[in-house]
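Here's a walk through one protein model, from its overall layout down to a few individual side chains. Keep the structure open and follow along.

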Amino acid sequence: MKHKKSLVIVLILILLSVSLLGYFYLGSKNKNVPAATSANTPQTANKKNFLLEKYPLETVPLYKMKTVSASKFFVNDDPVNVAGYFGKPVNYYNVVFETEATAEEILKYYRSLMSEVNEELVSDERVEGEIGKYKVSASHYGNNPKNYAYVQVYLPADEYQEVNRYYQDYPNIVELGDSWSEYESSYGLLNQKGGEVEYTQYFPLPDGDEERDMVIKAYQEKYQQEAEYSFDEKTGLMRWKKDAYSIAMTFSKDHGRIYLMIRNPM
């Protein structure tokens with residue numbers, strides 16, 4: 001009787017061993033089986049942390065993207081530029097990304113997506129046309145060191161918004177003139193220094209040298225006590241820091257503009 005019990009126990013142990021070996025063997029095989037994905041999904045699903053949330057990725061993909069270097073959203077109401085933007089103010093995305101594709105492949109790909117192509121602006125480095133409801137420009141400037149591609153996506157004119165849609169957390173740390181007209185604003189995510197958020201704006205400088213010098217002097221007096229303050233008389237570039245924010249303000253007499261850039265860590 002004891003002999004029979006021992007035989008049963010041995011058989012049970014053998015069956016358990018075989019079952020466990022089969023389980024681990026199948027498990028190790030399954031680890032090597034890739035999940036089913038579409039052609040472009042793997043490049044965008046887990047590496048788009050520097051891509052703005054509302055960018056129309058399904059309509060205008062980032063072809064063979066490795067990493068996003070920067071993505072920005074612009075609101076442009078500069079009277080000098082509107083002629084090129086449907087003749088009206090415009091909102092648009094600008095994305096710079098490192099790609100595995102060649103310049104030829106990039107331009108061929110985006111051209112294949114376009115229902116209409118602006119042949120006047122096609123070159124070995126650029127193609128422009130319509131993809132869905134968007135006006136799109138795609139560029140690749142040859143053998144640049146990081147193999148960057150550039151995509152601009154212009155929203156339809158009837159969707160124009162005067163206030164930048166990403167400015168909910170805009171830091172009001174620079175006092176702006178009450179009479180200044182904002183010609184352009186941008187919001188961007190930058191893949192540098194561990195990640196930065198960038199706000200930019202530009203405004204027209206007042207007419208007349210005396211009026212311009214008065215504005216510059218007023219801002220020198222206002223911010224010269226701030227941390228890391230500096231001012232370059234030649235370029236009109238003023239810099240300082242406020243808490244975690246880095247501020248650069250350029251009074252460009254040549255352009256007739258005031259450029260403001262604010263950056264902070266993500």
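What follows starts with the sheet, moves into the core, and ends with some rings and charges.

First, the ground rules. This is a predicted model, so to speak of a local feature pLDDT has to be at least 70, side-chain atom pairs count only at pLDDT 80 or more, and totals for chains, interfaces and linings use all residues. Residues are numbered from 1 along each chain as its sequence is written, and side-chain values use heavy atoms, with hydrogens and water left out.

The protein chain has four helices and 12 strands; these are DSSP runs numbered from the N terminus, with helices being H or I of at least four residues and strands E of at least two. Of its 266 residues, 39% are buried, where buried means under 20% relative accessible area, exposed means over 50%, and partly exposed is in between (1.4 Å probe, protein chains only). Take the contacts with a separation of 6 or more: 54% of them link residues 24 or more positions apart, a contact being heavy atoms within 4.5 Å.

Now to the sheet. Strands of a sheet pair through backbone hydrogen bonds, either parallel or antiparallel. Here the sheet is open, has 12 strands with antiparallel pairing, and reads S3-S4-S5-S6-S2-S1-S7-S8-S12-S11-S10-S9; two strands pair if DSSP finds at least two bridges between them. Strand S3 (116-117) and strand S9 (227-232) are the edges, each pairing on one side only. Helix H3 (residues 103-113) packs on this sheet, touching strand S2 (90-99), S3, strand S4 (126-131), strand S5 (134-139) and strand S6 (148-154). The direction of H3 makes about 20° with that of S4, using lines fitted to C-alpha atoms (for helices over the stretch in contact) and angles from 0 to 180 degrees between N-to-C directions.

Seven of its seven residues are buried, so S7 is largely enclosed by the rest of the structure. Glu184, Ser186, Gly188 and Leu190 point one way, Ser185, Tyr187 and Leu189 the other, and all are buried. On one side, strand S1 (residues 65-76) pairs antiparallel with S7 over seven bridges, with Val75 as the bridge partner of Ser185. S7 also pairs antiparallel with strand S8 (residues 196-204), again over seven bridges, and there Ser185 stands opposite Gln201. S7 and S8 make a hairpin with five residues between them, and Lys193 in the turn has a positive phi of about 50°. Further along the sheet, seven bridges join antiparallel strands S11 (residues 245-252) and S12 (residues 257-265), and Met249 stands opposite Leu260 in S12.

Which residues have the most contacts inside the largest nonpolar core? They are Tyr55 and Tyr110, in a core of 53 residues; such a core is a set of buried Ala, Val, Leu, Ile, Met, Phe, Trp, Tyr and Cys residues joined through side-chain atoms within 4.5 Å. Leaving aside neighbours within four places in sequence, Tyr55 touches residues including Leu62, Tyr93, Val95 and Tyr166. Val95 is in strand S2 and is buried, with a relative accessible area of 0%. Val95 and Tyr150 are 55 residues apart in sequence, but their C-alpha atoms are 5.8 Å apart in space.

The aromatic rings are next. Rings of Phe, Tyr and Trp (its six-membered ring) pair if their centres lie within 6.5 Å, with planes under 30 degrees apart counted as stacked, over 60 as edge-to-face and the rest as tilted. That rule gives 21 aromatic pairs. Tyr109 and Tyr110 have ring centres 5.1 Å apart and planes at 80°, so this pair is edge-to-face. Tyr219 and Tyr223 are stacked, at 6.0 Å centre to centre and 25° between the planes. These two are four residues apart in helix H4 (residues 209-223), separated by about one helical turn, and both are buried. Tyr55 also belongs to an aromatic cluster with Phe73, Tyr93, Tyr166, Tyr167, Tyr170, Tyr187 and Tyr199.

Finally, look for charges over rings: NZ of Lys or CZ of Arg within 6 Å of the ring centre and within 35 degrees of the ring normal. Lys222 lies over the face of Tyr219, at 6.0 Å from the ring centre. The charged end of Lys135 sits over the ring of Tyr154, 5.5 Å from its centre. Lys135 lies in strand S5 and, at 18% relative accessibility, counts as buried.
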